[in-house]
Amino acid sequence: MNAADIPPPAEHTRESRPDWAGHRWIVVADSPFLPAHGGGEREHLGFVRAATARGLLAALVVPTDDDPAAFDRQDDLAALRDLVAPAPALFVPRRRSVLAAATPWRPYVVGSRPPRRGVVADLRAMAPDATGVVIFTYKSHHLGHAVARGLGLSAVVRAHNLEGPYHHALAHSESAPKSWAIRAEAIRIDLDERRLERDGWLAGIADISSSDAAIRARRSRVPVRHVPTFALGGEPDWAAERHTPPATPVVTFIGALDVRTNHDALRWFRERVWPTVLAEVPGTCWHIVGRKPPPWLREEAAGWDSVRLFPDVPDPKEYLRGTTVAVNPAVSGSGVNIKLVEYLAMAVPVVSTERGMQGLGLNRGVDLAVADDPTVFAAEVVALLRDPDRAQRLGYTGQTTALEILDVDRSLGLLAGMFGAAA
């Protein structure tokens, strides 16, 4: 199959998807999401872009720090204002004090994002036509509740994870004593999340992961729906992308390199998969692309002839365009893996672990290759490196499925339906 034989993906327009007519939403974010580096930030950005383009955004509320650099952040608040214009953006201060962390009835991730005095009055004046509140994510539910209650509006939480299990997984990936603190917070989050799932003020919870939604629906009194990721929302160029395999085989991993779960993935692939791939297909190069690589990764990459590290690049897509096979060796953590969506959207053939593809509704062996055993994982990578036609077919079917799943208009309609059911 040649690239010329591959039909362009179907396009959807607002006219064909009028499900959200009459809706105007106040979006309560959990943090500034520009510049968008991580998967959660790209999910925020994609949703806000899509909602703004369709006239759904009434206002944006963002918890912010007075000194982002103190928390290793580079927030661009001016870019956020420009992004949502003509809708208003309202920035509310975060609370980073020990008191916020020590509150026994509210986890730190929630207590550090409190509603400030006057936020409801400001929003009443700034967004008088608002019809509902979309809360991104669980972390902002205290702030979002205050906004929804004060304005008398229904609210939906956009959940990125089952937060309790997610934080337990983070604790498992750390060593003591840091793991003890994360585990204590995970317990409080788990209890608070279960309480939230029973709260009558919520119109619903929209889970990004289908598997998370299934688990939550069994235990929640609040309506739960699976609403796929908006990570590529508002970026139509992804749908038109076609990667071109290079003459020299390249295996690519993209991800935030300051995240412990990605450290686990890189070590697993380096120690248990990469030696086999290199022995079977000599000359293959492994590209590691991402922000904030730790010193140990920089040092190790410098000593590998077959590995190149590309830190803090402005556009990861540049490296996907020139790859042969992308790998997603997730062995820890939970939730939806956003980088897998980006691989597939560019028609790049992918080998992933089962954990790495969970919650996306993909078909193993059809949309991507899946293996948890390192020997089988290596064999799948080698097979795709040796068979360009099979790799191209896998990339095409993966892209087709990904773009169907990532139909932003359909997902916005699902979200609007949750508000409609509550009304």
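## Strand β4

Both faces of strand β4 are covered, with G132, V134 and F136 buried on one side and V133 and I135 buried on the other. Buried here means under 20% relative accessible area, exposed means over 50%, and partly exposed is in between (1.4 Å probe, protein chains only). Five of the five residues of β4 (residues 132-136) are buried, so the strand is largely enclosed by the rest of the structure. Strands (E, at least two residues) and helices (H or I, at least four) are DSSP runs, numbered from the N terminus.

This is a predicted model, in which local features need pLDDT of at least 70 and side-chain atom pairs count only at pLDDT 80 or more, while totals for chains, interfaces and linings use all residues. Residues are numbered from 1 along each chain as its sequence is written, and side-chain values use heavy atoms, with hydrogens and water left out.

## Neighbours of β4

Strand β1 (residues 25-28) pairs with β4 in the parallel sense over four bridges; two strands pair if DSSP finds at least two bridges between them. In this pairing I26 stands opposite V133 of β4.

β4 also pairs with β5 in the parallel sense, over five bridges. Here V134 stands opposite V156 in β5. From β4 the chain crosses through helix α6 (residues 141-151) to β5, and this β-α-β crossover is right-handed. Right-handed means that, with the strands pointing away from the viewer, the path from the first strand over the helix to the second runs clockwise.

## Helix α9

D212, A213 and R216 are the buried residues of helix α9 (residues 210-219). Seen down the axis of α9, they fall within an arc of 95 degrees, so they line one face of the helix. The arc is that of the directions from the helix axis to the C-beta atoms. An α-helix has 3.6 residues a turn, so residues three or four places apart point the same way.

The buried residues of α9 pack against β5 (154-159), α8 (178-196), β6 (202-207) and β7 (224-226), where contact means heavy atoms within 4.5 Å.

## A six-stranded sheet

An open sheet of six strands runs in the order β10-β9-β8-β11-β12-β13, with parallel pairing. Its edge strands, β10 (307-311) and β13 (369-370), each pair on one side only. Within the sheet, β8 (residues 250-254) and β11 (residues 325-328) pair in the parallel sense over two bridges, and V251 stands opposite V325 in β11.

## Aromatic rings

A search of the whole structure finds eleven aromatic pairs. Rings of Phe, Tyr and Trp (its six-membered ring) pair if their centres lie within 6.5 Å; planes under 30 degrees apart count as stacked, over 60 as edge-to-face and the rest as tilted. One of the pairs is F269 and F377, which is edge-to-face at 6.1 Å centre to centre, with 75 degrees between the planes. This pair links distant parts of the chain: F269 is in helix α11 (residues 260-272) and F377 in helix α17 (residues 374-386), 108 residues apart. F269 is buried at 0% relative accessibility, and F377 is buried at 0% relative accessibility. F310 and Y319 form a tilted pair, 4.7 Å centre to centre with 45 degrees between the planes. F310 is buried at 12%, whereas Y319 is partly exposed at 24%.

W268, F269, W274, W286, W304 and F377 form one aromatic cluster.

## Charges over rings

The charged end of R96 sits over the ring of F71, 4.0 Å from its centre. R267 lies over the face of W296, at 3.9 Å from the ring centre. A charge sits over a ring if NZ of Lys or CZ of Arg is within 6 Å of the ring centre and within 35 degrees of the ring normal.
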